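Please keep the sequence and the structure at hand while reading.

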Amino acid sequence: MASVARRLGVAPSTLRTWDRRYGLGPSRHTDGRHRRYGSSDIGRLELMQRALLRGASTAEAARYALDHMPRAVVDELPPPAPAPDEDEAPAPDGDHEVPSRLARRLSTAALAMDVGAVQRMLADAIAELGVLAAWSGVIDPVLTALGARWRGVSAGAEVEYLLAECVYASLVRATPVLDQPRNQRPVLLGCVPEERDSTPAYALAAALAGRRIGTQLFGVPLPAEVLAVAVRRSAPAAVVLWAHRRAAADPRLFARVSRGRQRSRLFACGPGWDPAALPDKVELLVDLPTAADRVEHVLVGTTG
């Protein structure tokens, strides 16, 4: 069961629940009292995953899997290939196959409300790809897809909230505490007032910390006057303000945070900013990888 759970990206307890509630368990019997998953059993579970990704409830997805692959065909299919040994290196994936595989597993775990599997999938994605690649190739696409699916719908939105909380926690865990950062003054990271999603700021903080760039992160969007005071008191080397929604991105905010004697490099990051409306002294960063490279280059003179 453990190898099947790893293959599907869910916890063994989830497989036991699906077996008990919907009959989607192992159908092959060993010489003893144990049962083992056959290839058709796994095929049904993969059908169930696809139905979950299309928005079906767990019960609907199970019914779909059983209808399209009934148990009568179990003995007609060859047994599955044995799971690779834990110490054996996996076969290499293509550049796009790894993020896609991890994204599918993360979606499945989130839709199953399997918090343990979600946490493991996030940790695996960050460990395997790095923070920025995991964000752009796995985390952000899944968050976007789930957000679009449940926007304005009360039933099902709990999946998006569960995933968002796990993402916050995983990004915080992926942010090392720096004893001796390479920059003398911190990079202040924040969101514009009224911004609803601050997870990209957490991802950028984790990525910069991985490059030993110290940051001061405000995950909760601050009112403009509070943000201005925070900039004045912390005297950062740079200020990066994230905006996803155009309606929330007011370029006049930069004039408020840049008052006083202390001068900081100013960056507008995210798709919400209108390049034509930004003041001349504000540099636009279109995405998080660009932001990490540019901030590092400005502060310590390298993009390596």
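The largest nonpolar core of this predicted model has 66 residues, and L15, V118 and L163 have the most contacts inside it. Helix α7, residues 131-150, gives the most to this core, with nine residues.

**Overall make-up**

- The protein has twelve helices and seven strands.
- Of its 304 residues, 44% count as buried.
- Among contacts in the protein with a separation of 6 or more, 68% are between residues 24 or more positions apart.

**Cores**

- L163 is one of the residues with the most contacts inside the largest core.
- With neighbours within four places in sequence left aside, L163 is in contact with L106, A110, V118, V142, L143 and L146.
- V118, one of these partners of L163, is also listed among the residues with the most contacts inside the largest core.

**Packing of α6 and α8**

- Helix α6 spans residues 115-129 and helix α8 spans residues 157-173; their axes are 10 Å apart and the angle between them is about 45°.
- That angle makes α6 oblique to α8, since angles under 35 degrees would count as roughly parallel and those of 65 to 115 as roughly perpendicular.
- The crossing of α6 and α8 is right-handed.
- On the α6 side the residues are V115, V118, Q119, L122 and I126, and they meet L162, L163, C166, V167, S170 and L171 of α8.
- By class, this contact of α6 with α8 has nine nonpolar residues, two polar residues and no charged ones.

**Packing of α9 and α12**

- Helix α9 covers residues 199-210 and helix α12 covers residues 288-300; their axes come within 10 Å and cross at roughly 40°.
- α9 and α12 are therefore oblique to each other.
- α9 and α12 cross in a right-handed sense.
- From α9, the contact is made by P200, A203, L204 and L208; from α12, by L288, A291, A292 and V295.
- Eight nonpolar residues make up the contact of α9 with α12 by class, with no polar and no charged residues.

Terms used. Residues numbered from 1 in each chain as written. Predicted model: local features only at pLDDT ≥ 70, side-chain atom pairs only at ≥ 80, totals over all residues. Heavy atoms only, no water. Core = buried A, V, L, I, M, F, W, Y, C linked by side-chain atoms within 4.5 Å. Buried < 20%, exposed > 50% of the residue type's maximum accessible area, 1.4 Å probe, protein only. Helix = DSSP H or I, 4+ residues; strand = E, 2+ residues; numbered from the N terminus. Contact = heavy atoms within 4.5 Å. Axes fitted to C-alpha atoms, helices over the stretch in contact; angles between N-to-C directions. Parallel < 35°, antiparallel > 145°, perpendicular 65-115°, else oblique. Left-handed = near helix turned anticlockwise from the far one by under 90°. Nonpolar A, V, L, I, M, F, W, Y, C, P; charged D, E, K, R; others polar.
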